[in-house]
Amino acid sequence: MLLEIARDPQVRLRDIADRIGITERAVQGIVSDLHREGYLTRGKVGRRNHYTLNLERGFRYPTEAGLPVGLLIDLFTQRDLPPGHAPAGAATVPGDAAAHRSGAAASR
C-alpha cells in the first residue's frame, strides 16, 4: 500500500485496489489505519486526495521497529528506475539506520 502511494501520491484508492488485487473497501481500511498510526497524511488537491508518507516512521514489527519505512520504499522505488537516477523526494536515511541496514543485510 505504501509503495503504491509512494509511486503516485494522488493515486485513487480504486486504482490501488485494482493493482494489488483487493477490494476498494479493504484499501480504504488499510489507508485509514496507516493514517491513524502516523504513516501517512491526507490532504486535498482540487477534488482528489493527496497522500504524504512519513518515511521516518518505524516499522510495526518489533525486530524492525528501529528502521524507517523509507528504507523499504526506497529499495522498491529505486528498483524501477534506470541506473544513476534517484527517485523524486527520496527518503533520507539517518546514519544509524543506514549502519543497521548494512549489518542486517550482512547477517541474512
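A: A residue counts as buried when its relative accessible area is under 20%, and as exposed when that area is over 50%. The model discussed here is predicted.

Q: Which residues of H3 are buried?

A: In H3, burial applies to Val-27, Val-31 and Leu-34. Viewed down the helix axis, the buried residues of H3 fall within an arc of 60°, so they line one face of the helix. The exposed residues Arg-25 and Arg-36 are carried by the face of H3 turned away from that buried side.

Q: What span should helix H3 have at 1.5 Å a residue?

A: The expected span is 1.5 Å times one less than the number of residues. Helix H3 covers residues 24-36, so its 13 residues should span 18 Å; the C-alpha atoms at its ends are 18 Å apart, which agrees. Just after H3, Gly-38 adopts a positive phi of about 90°.

Q: How many residues has the largest nonpolar core, and which have the most contacts inside it?

A: Such a core is a set of buried nonpolar residues joined through side-chain atoms within 4.5 Å. The largest one has 17 residues, and those with the most contacts inside it are Met-1, Leu-2, Ile-5, Ile-16, Val-27, Val-31 and Leu-40. At least two residues of this core come from each of H1, H2, H3 and E2.

Q: Is Ile-30 buried, partly exposed or exposed?

A: Ile-30, which lies in helix H3, has a relative accessible area of 35% and is therefore partly exposed. With neighbours within four places in sequence left aside, Ile-30 is in contact with Met-1 and Ile-22. Between Ile-30 and Leu-2 the C-alpha to C-alpha distance is 9.9 Å, while in sequence they are 28 residues apart.

Q: How many bridges join E1 to E2?

A: In a regular strand, side chains alternate between the two faces of the sheet. Here E1 and E2 run antiparallel and are joined by 6 bridges; Gly-43, for instance, has His-50 in E2 as its bridge partner. The two strands E1 and E2 form a hairpin with 2 residues between them, and Gly-46 in the turn has a positive phi of about 65°.

Technical notes
Residues are numbered from 1 along each chain as its sequence is written. This is a predicted model: local features need pLDDT of at least 70, side-chain atom pairs count only at pLDDT 80 or more; totals for chains, interfaces and linings use all residues. Side-chain values use heavy atoms; hydrogens and water are left out. Helices (H or I, at least four residues) and strands (E, at least two) are DSSP runs, numbered from the N terminus. Buried means under 20% relative accessible area, exposed over 50%, partly exposed in between (1.4 Å probe, protein chains only). The arc is that of the directions from the helix axis to the C-beta atoms. Two strands pair if DSSP finds at least two bridges between them. Contact means heavy atoms within 4.5 Å.
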